[in-house]
Amino acid sequence: MPTSPKTIPPISPPRWLLAELTYACPLQCPYCSNPVNFSGIKSELSTQDWKRVLSQARAMGSVQLGLSGGEPLVRKDLAEIVDHARTLGYYSNLITSGYGLSLARIQELKKAGLDHIQISIQASDATLNNYIAGTDCFEHKREVAGWIKETGYPMVLCVVIHRQNIDQMQNILEMATELGADYLELANTQYYGWAKLNRDYLLPTREQVESSERIAQAYKKKPGVKGKMKIYYVVPDYYEDRPKACMNGWGTTFLTIAPDGMALPCHAARELEGLNFPNVNENSVSDIWNKSTAFNQFRGDDWMQEPCRTCPEKDKDFGGCHCQAFLLTGDATNADPVCSKSPHHGVIEQAIELAVNFAKPETSPKVFVRKRQNSKALERD
Amino acid sequence: MSDQIKSTSVFQFSKENRLQWEPTQNKHVILYPEGMVELNTTSAEILKLCDGKHSLNEIVSELEKKFSATGIRSEITDFLSVAIEKNWVSLKT
């Protein structure tokens, strides 16, 4: 593992651990955050590997655990992993499409000590939901939501928002109420991986963004909603003036372990070329977090170029998202082009301008769904 | 909210949150879906007594003893009303 010789600021522990248990998934969402080349990544950590990783990270202070994928339910050892996490004192969150989940499996996971379930729904009606998911799953998801409540779990309902469903905002909010969601995450698509490939199909127009946010904010204040359902509205960063403080700062809080054991400062970082991310099969979590070149790459501000280097806001947003800088400018040390101070901000403005055209039915581009064949086709290119 | 809190009120820590000691942080935290709040010593001691048994009177006198302090009733009541608002605890009676 390459280790970093440069001086770095004090390192805080990885409080949040995201365990991507598998890239396998029965759904085909065109905004999937998995790498576009997932079909070429075949190895998966064993049950024992995951237990070791969980133990090592917990000893460093990790406490929030996300069990994700792909679809984590595909792993037959999920309950065993959950059980280990509970014994260690994690607060464990299952992040699932709900596909294939039964009441018996929820009860099994509850018994193992799972703390909460986040279920995703793709739209407020079956036709669009099933089209986006590439799977006939809408009615089943609604059923699963009922079982989650029945089992006494707090329920987080996650709806990824994009141009195809953003105009359903009011219906989505009402569906969340009807399903008894305790938390509703309205997560505007972030354009990495598959979502970047499908950006012209997914990016909403400014008008859509503004109108949907107004609807969501008004709904928050409604009697019967306020104090009952917490609504998180994740803004689409393309429409912001300043970049997000991505991952609360690189290597400060979040640690992702990919299905094959690759350790990443964020689940999208696999797309960053040349960083040589370490693997938990070869290194301890502590060495990876504290000593690896990859995790130290963007700690502090030595790496920054202008306009970030002298920017008074650099301690607030840490230069934004490095994956976005890499994907849109070819250099991860550039400012996130979402920032209006970035000399590359034009690429964002251009995408926004094009979204107006692509929103017209006659010029709407085709969707490129997340499935194994498509991933393989990309590898051949 | 603090109007609802009486000296005989009993509080119950929420089932949907978890109050836990974190050795690496050397403090108590509240864990909930996708979030965490770090607590100072006093807040943690109050919440530990939100066990469905202790009344406000009892919580006040326990903490006065623990911290050798007096006149902390209003501080405790204020914190509890915030805790109710955040759904960390519920008012049992």
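This briefing walks through a predicted two-chain model, from overall size to a few local details. Residues are numbered from 1 along each chain as its sequence is written, while chains are lettered from A and ligands numbered from 1 in the order in which they are written. Because the model is predicted, local features need pLDDT of at least 70 and side-chain atom pairs count only at pLDDT 80 or more, whereas totals for chains, interfaces and linings use all residues.

**Chain A as a whole**

- Chain A holds 15 helices and 9 strands; helices (H or I, at least four residues) and strands (E, at least two) are DSSP runs, numbered from the N terminus.
- Along the principal axes, the C-alpha trace of chain A spans about 55 × 50 × 45 Å.
- Of the 381 residues in this chain, 48% count as buried. A residue is buried if 20 or more other C-beta atoms lie within 10 Å of its own, exposed if 12 or fewer, and partly exposed in between, with C-beta atoms placed from the backbone.
- Take the contacts in chain A between residues at least 6 apart in sequence: 74% of them join residues at least 24 apart. Two residues are in contact if their C-beta atoms, placed from the backbone, lie within 7 Å.

**The largest nonpolar core**

- The largest nonpolar core has 126 residues, and Met155(A), Leu157(A) and Ala176(A) touch the most other members. Such a core is a set of buried Ala, Val, Leu, Ile, Met, Phe, Trp, Tyr and Cys residues joined through C-beta atoms within 7 Å.
- Strand S5 (residues 155–161) of chain A gives the most to this core, with 7 residues.
- As background, nonpolar side chains tend to be buried together in soluble globular proteins.

**Local details in chain A**

- In helix H4 (residues 126–133) of chain A, the buried residues are Asn129(A), Ile132(A) and Ala133(A). They fall within an arc of 95 degrees seen down the axis of H4(A), so they line one face of the helix; the arc is that of the directions from the helix axis to the C-beta atoms.
- The buried residues of H4(A) pack against helix H5 (138–150) of chain A, and Gly134(A), which follows H4(A), has a positive phi near 70 degrees.
- Ser342(A) sits in the loop between helix H13 (322–329) and helix H14 (346–358) of chain A, yet Ser342(A) counts as buried because it has 22 C-beta neighbours inside 10 Å.
- Pro307(A) is 35 residues from Ser342(A) along the chain, and their C-alpha atoms are separated by 6.7 Å.
- Leaving aside neighbours within four places in sequence, Ser342(A) is in contact with Pro307(A), Ala335(A), Asp336(A) and Pro337(A).

**Chain B and its helix H3**

- Chain B has 3 helices and 6 strands, in the order β-β-β-β-α-β-α-α-β along the sequence.
- With a radius of gyration of 13 Å, close to the 12 Å from the globule rule for 93 residues, chain B is as compact as a globular protein of that length.
- Buried residues make up 23% of the 93 residues in chain B.
- In H3(B), Ile76(B), Leu80(B), Ala83(B) and Ile84(B) are buried; they cover an arc of only 100 degrees around the axis, which puts them on the same side of H3(B).
- The exposed residues Ser74(B) and Glu85(B) are carried on the face of H3(B) turned away from its buried side.
- Strand S1 (10–13), helix H1 (41–48), helix H2 (56–66) and strand S6 (89–91) of chain B are what the buried residues of H3(B) pack against.

**Where the chains meet**

- At the interface, 11 residues of chain B are in contact with 14 residues of chain A.
- Strand S2 (18–22) and strand S3 (27–32) of chain B each give two or more residues to the side that touches chain A, and S2(B) supplies the largest share, 3 residues.

Methods. The radius of gyration is taken over C-alpha atoms; the globule rule is 2.2 Å times the number of residues to the power 0.38.
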